[in-house]
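Please open the structure in your viewer and keep the selection tool at hand.

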Amino acid sequence: MDINLSQCFIAVDDHDKALAFYRDVLGMDVRNDVGFEGMRWVTVGSPAQPDVDIVLEPPLADPGASAADKEAMAELLAKGFLRGVIFTTDDVDATFERIRAAGAEVLQEPVDQPYGVRDCAFRDPAGNMLRFTQPRKE
């Protein structure tokens, strides 16, 4: 039995800022942009992984959610307490420099980790933690 990842979801508070980051800074393709009941979902993905989608969704993608629940989710997102995503790259140092030059908030500069990778970390425009990793060359 084969099981493969198809989609993952990242909460964002401003789709246009998120789109500029994921498309223009990270180089992802925009695959879909859908609005429904005052909400918006934008699907992006790496050209190298055409079968894996990242859906940029509202912090609480439920039209029936209470105002208090929506506010609570927005507060958690603003604090960076929601999702985190780890990407792989063939050159973590070059990736770090490109993302830093674009103005993203740096959480960790590239470092060799004891568990066999070199990685760095940023926050996206909504506050989500994104890590970029590559296997260490021994």
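**A tour of the salt bridges**

Start by selecting Arg-40, which is partly exposed at 24% relative accessibility, and keep in mind while you look that the model is predicted. Because Arg-40 belongs to strand β3 (residues 39–45) and Asp-16 to helix α1 (residues 15–25), the pair ties together parts that are 24 residues apart in sequence.

Select Arg-23 next, a residue that counts as partly exposed at 35% relative accessibility, and then Asp-24, whose side chain meets that of Arg-23 in a salt bridge of 2.6 Å from N to O.

Move on to Asp-93 and Arg-118, which form a salt bridge with their closest N and O atoms 3.0 Å apart. This pair links distant parts of the chain, since Asp-93 lies in helix α3 (residues 92–101) and Arg-118 in strand β7 (residues 117–123), 25 residues apart. Asp-93 is partly exposed, with a relative accessible area of 33%, and Arg-118 is also partly exposed, with 22%.

Which residues do salt bridges with shared partners join into one network? Select Asp-16, Asp-33 and Arg-40 together, for these are the residues joined in that way. To finish, you may look for the other pairs yourself, as the count for this model comes to eight salt bridges.

Definitions and conventions:
Residues numbered from 1 in each chain as written. Predicted model: local features only at pLDDT ≥ 70, side-chain atom pairs only at ≥ 80, totals over all residues. Heavy atoms only, no water. Salt bridge = Lys/Arg side-chain N within 4 Å of Asp/Glu carboxyl O. Helix = DSSP H or I, 4+ residues; strand = E, 2+ residues; numbered from the N terminus. Buried < 20%, exposed > 50% of the residue type's maximum accessible area, 1.4 Å probe, protein only.
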